[in-house]
Amino acid sequence: MCPPPCLGQLQGTSRSATFKGSSAHLPIPHHGGETGIRSHPRTVQQPPGVPVMFRKVVRQSKFRHVFGQPVKNDQCYEDIRVSRVTWDSTFCAVNPKFLAVIVEASGGGAFLVLPLSKTGRIDKAYPTVCGHTGPVLDIDWCPHNDEVIASGSEDCTVMVWQIPENGLVSPLTEPVVVLEGHTKRVGIITWHPTARNVLLSAGCDNVVLIWNVGTAEELYRLDSLHPDLIYNVSWNRNGSLFCTTCKDKSVRIIDPRRGTLVTEREKAHEGARPMRAIFLADGKVFTTGFSRMSERQLALWDPENFGEPMALQELDSSNGALLPFYDPDTNVVYVCGKGDSSIRYFEITDEPPYIHFLNTFTSKEPQRGMGTMPKRGLEVSKCEIARFYKLHERKCEPIVMTVPRKSDLFQDDLYPDTAGPEAALEAEEWVSGRDANPILISLREAYVPSKQRDLKVNRRNVLSDSRPAAAPGSPRPGASTPAAFTSIAAPGGSLAGAGEAGKLEEVMQELRALRALVKEQGDRICRLEEQLGRVENGDA
């Protein structure tokens with residue numbers, strides 16, 4: 001019988017990990033398993049100078065056996081022409097009602113919005129959201145309204161769209177509001193997690209803008225904190241701070257209302273390829289990037305001590321940017337690379353080595369993008385803890401992550417109260433300095449959302465506004481909105497109007513119906529004129 005391999009041999013066949021407070025370099029297995037060291041169960045005599053083998057100790061975790069399962073073909077979304085634009089975006093956004101995918105479009109930019117139930121082959125004539133004049137680079141659903149989505153484009157604008165309750169029946173070309181303030185393409189869009197109608201955008205002009213969508217105003221302009229291209233932006237749990245990664249290899253934590261840099265870590269990852277950073281629920285920062293030798297890395301940082309990472313792991317030598325997706329309820333991070341055919345998942349804990357490898361979901365086809373379903377959209381009866389929407393070249397494939405449980409009862413440990421769709425703050429409260437954690441809901445009973453209210457834009461009457469000159473960080477007008485969707489309101493007016501606002505909404509609905517009727521009759525007249533012309537020319 002062959003003797004077991006020594007520790008040195010094991011280290012030669014697996015990646016290493018380091019963690020704060022220890023000088024040990026522990027091998028991490030590529031697939032499966034959770035222990036830092038793989039050892040043979042028998043005690044053997046080691047040669048002099050070779051360290052003694054440790055017993056294999058399995059860390060207890062309820063997520064050890066999480067497994068991924070793609071859905072059947074008839075539950076996929078087929079014949080979708082996913083965008084080919086060169087940008088490290090997810091190209092996909094999902095909520096409990098709709099799936100949105102950025103698609104190829106001629107003469108501008110477009111994205112597809114599908115009800116989740118519309119699976120199977122998607123007709124090429126299916127209507128799209130197509131108001132941008134340049135390719136769409138990023139999209140994000142509003143966390144407080146499942147029918148509102150924002151998009152950023154190469155045409156330097158941000159547009160916010162209201163999707164009809166039952167989905168699109170005709171191409172949507174008129175946004176609710178157009179936000180103009182960037183001078184180069186807008187590649188990053190993300191909504192505030194707790195304040196209603198607060199939207200962040202970042203462009204290739206190295207500028208971060210924060211908007212009040214409800215009043216079409218630019219709240220804050222941060223144009224001096226990033227010397228180079230911004231790779232990604234992530235809000236913290238209550239939206240008081242956000243972190244960014246930049247082409248200069250720095251990770252920054254920024255207070256948007258003060259416009260100040262809270263802390264910065266230079267060369268968080270030394271490789272030249274794109275990095276990404278996300279805030280965890282406890283305030284720590286998780287990053288993905290590349291080493292100097294172009295090996296992909298994961299790292300965990302404590303913003304109170306940004307000098308050294310709490311944990312650093314090397315994964316492999318692939319060249320696709322790693323996209324992290326975080327579940328704050330379970331503290332599990334899912335990592336997938338563009339061009340990869342796998343999803344790795346890790347559990348983040350408070351004890352070393354902090355980042356615990358759980359498992360890998362592997363498939364045959366590489367992914368071009370990825371979307372993830374909010375927790376309130378999952379099937380709790382099937383112990384589903386995550387659902388991803390994987391983009392192939394011409395289809396979208398849902399992948400279900402499940403914890404195997406024998407009981408059919410509600411699993412309290414898997415489904416703690418999670419963030420619901422109600423905003424904890426209004427935009428004006430957040431601007432005034434208030435912070436609040438997300439309003440939590442229970443998933444024990446099948447969650448039934450309240451009726452979504454339409455997004456209304458109240459454009460401030462700038463001429464009658466007697467505010468003093470804008471100070472740094474004060475609101476200022478910087479956006480335009482179509483007149484049909486705009487109502488003049490006094491400063492401080494509420495978005496959720498009653499009485500007059502209800503009457504105004506009825507008038508707006510009638511106006512939209514009339515516009516649709518006029519357009520339909522105009523198209524009919526054009527067709528009749530064409531037929532008449534063919535008859536007169538003897539072609540018919």
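1. Arginine 292 is exposed in this predicted model, with a relative accessibility of 64%, and the arginine forms a salt bridge with glutamate 270 in which the closest N and O atoms are 2.7 Å apart. Glutamate 270 sits in the loop between β21 (260-265) and β22 (276-279), while arginine 292 sits in the loop between β23 (285-290) and β24, so the bridge ties together parts of the chain that are 22 residues apart in sequence. Glutamate 270 is itself partly exposed, its relative accessible area being 34%.

2. A second salt bridge, between glutamate 426 and arginine 196, has its closest N and O atoms 3.1 Å apart. This pair links distant parts of the chain, 230 residues apart: glutamate 426 belongs to the loop between β33 (418-419) and α2 (427-431), and arginine 196 to the loop between β14 (186-191) and β15 (198-203). Here glutamate 426 is partly exposed at a relative accessible area of 30%, whereas arginine 196 counts as buried at 13% relative accessibility.

3. The salt bridge between glutamate 384 and arginine 387 has its closest N and O atoms 2.6 Å apart, and both of these residues are buried. Salt bridges with shared partners also join Arg296, Asp316, Asp340 and Arg344 into one network. The count for the model comes to 26 salt bridges.

4. Turning to the strands, β26, β27, β28 and β29 form an open sheet in that order, with antiparallel pairing. Strands β26 (322-327) and β29 (355-362) are at the edges and have a single partner strand each, so one side of each is left without a neighbour in the sheet. On average, and with direction ignored, neighbouring strands of this sheet are turned by 25° against each other. Within the sheet, β28 (residues 342-348) pairs with β29 over seven bridges in the antiparallel sense, and phenylalanine 346 has phenylalanine 357 in β29 as its bridge partner.

5. Strand β24 (residues 296-301) runs antiparallel to β25, and four bridges join them; alanine 299 stands opposite leucine 312 in β25.

6. Serine 83 lies in the loop between β4 (77-78) and β5 (92-94) and is buried, with a relative accessible area of 4%. The serine 83 side chain reaches the backbone nitrogen of valine 85 at 3.2 Å. Leaving aside residues up to four places away in sequence, serine 83 touches Phe91, Ile102, Val103, Glu104 and Arg368.

7. Tyrosine 220 and leucine 200 are 20 residues apart in sequence, and their C-alpha atoms are 9.4 Å apart in space.

8. As to confidence, the mean pLDDT of the chain is 84, and 79% of its residues reach 70 or more. The pLDDT is below 50 over residues 50-56, a stretch that has 19 contacts in the model beyond near neighbours in sequence. Residues 461-497 also have a pLDDT below 50, and this stretch has 68 contacts in the model, again beyond near neighbours in sequence.

Notes
Residues numbered from 1 in each chain as written. Predicted model: local features only at pLDDT ≥ 70, side-chain atom pairs only at ≥ 80, totals over all residues. Heavy atoms only, no water. Pairing = 2+ DSSP bridges. Helix = DSSP H or I, 4+ residues; strand = E, 2+ residues; numbered from the N terminus. Axes fitted to C-alpha atoms, helices over the stretch in contact; angles between N-to-C directions. Buried < 20%, exposed > 50% of the residue type's maximum accessible area, 1.4 Å probe, protein only. Polar contact = N/O pair within 3.5 Å; in protein donor to acceptor, adjacent residues only side chain to side chain. Contact = heavy atoms within 4.5 Å. pLDDT = per-residue confidence, 0-100. Salt bridge = Lys/Arg side-chain N within 4 Å of Asp/Glu carboxyl O.
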